[in-house]
Amino acid sequence: MSRSALAIFALAALVSLGLWLSMRGASLAEVELLPARCRRRVRWWQRNARYVQLSCVLVAVATVCVQVSGAAE
């Protein structure tokens with residue numbers, strides 16, 4: 001895998017892992033103790049995190065596909 005493809009793949013994996021860890025931490029924390037504005041943001045992220053996760057997966061898969069198709073030529 002080329003350096004740029006590896007960097008893109010690693011970045012997608014790090015973003016995905018970081019979001020997963022933060023959502024996992026938010027689900028275990030006492031969110032009710034936060035101010036209302038923060039609680040709304042945490043709830044919004046919890047509802048919409050799957051779109052970021054899906055985007056990271058698509059970027060990682062596209063990176064691998066481009067790398068494999070480039071190696072096949």
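What share of the 73 residues in the protein chain is buried? Buried residues make up 18% of them, where buried means under 20% relative accessible area, exposed over 50% and partly exposed in between, with a 1.4 Å probe and protein chains only.

Quick housekeeping, folks. This is a predicted model, so local features need pLDDT of at least 70 and side-chain atom pairs count only at pLDDT 80 or more, while totals for chains, interfaces and linings use all residues. Residues are numbered from 1 along each chain as its sequence is written, and side-chain values use heavy atoms, with hydrogens and water left out.

Okay, the overall picture. The protein chain has two helices and zero strands; those are DSSP runs numbered from the N terminus, H or I of at least four residues for helices, E of at least two for strands. Its C-alpha trace spans about 55 × 15 × 15 Å along the principal axes.

Now let's zoom in on Met-23. You'll find Met-23 in helix H1, residues 3–28. Why does Met-23 count as buried? Because its relative accessibility is 18%. And who does Met-23 touch, leaving aside neighbours within four places in sequence? Trp-45, Gln-46 and Ala-49, with contact meaning heavy atoms within 4.5 Å. Arg-43 is 20 residues from Met-23 in sequence, and their C-alpha atoms are 9.6 Å apart in space.
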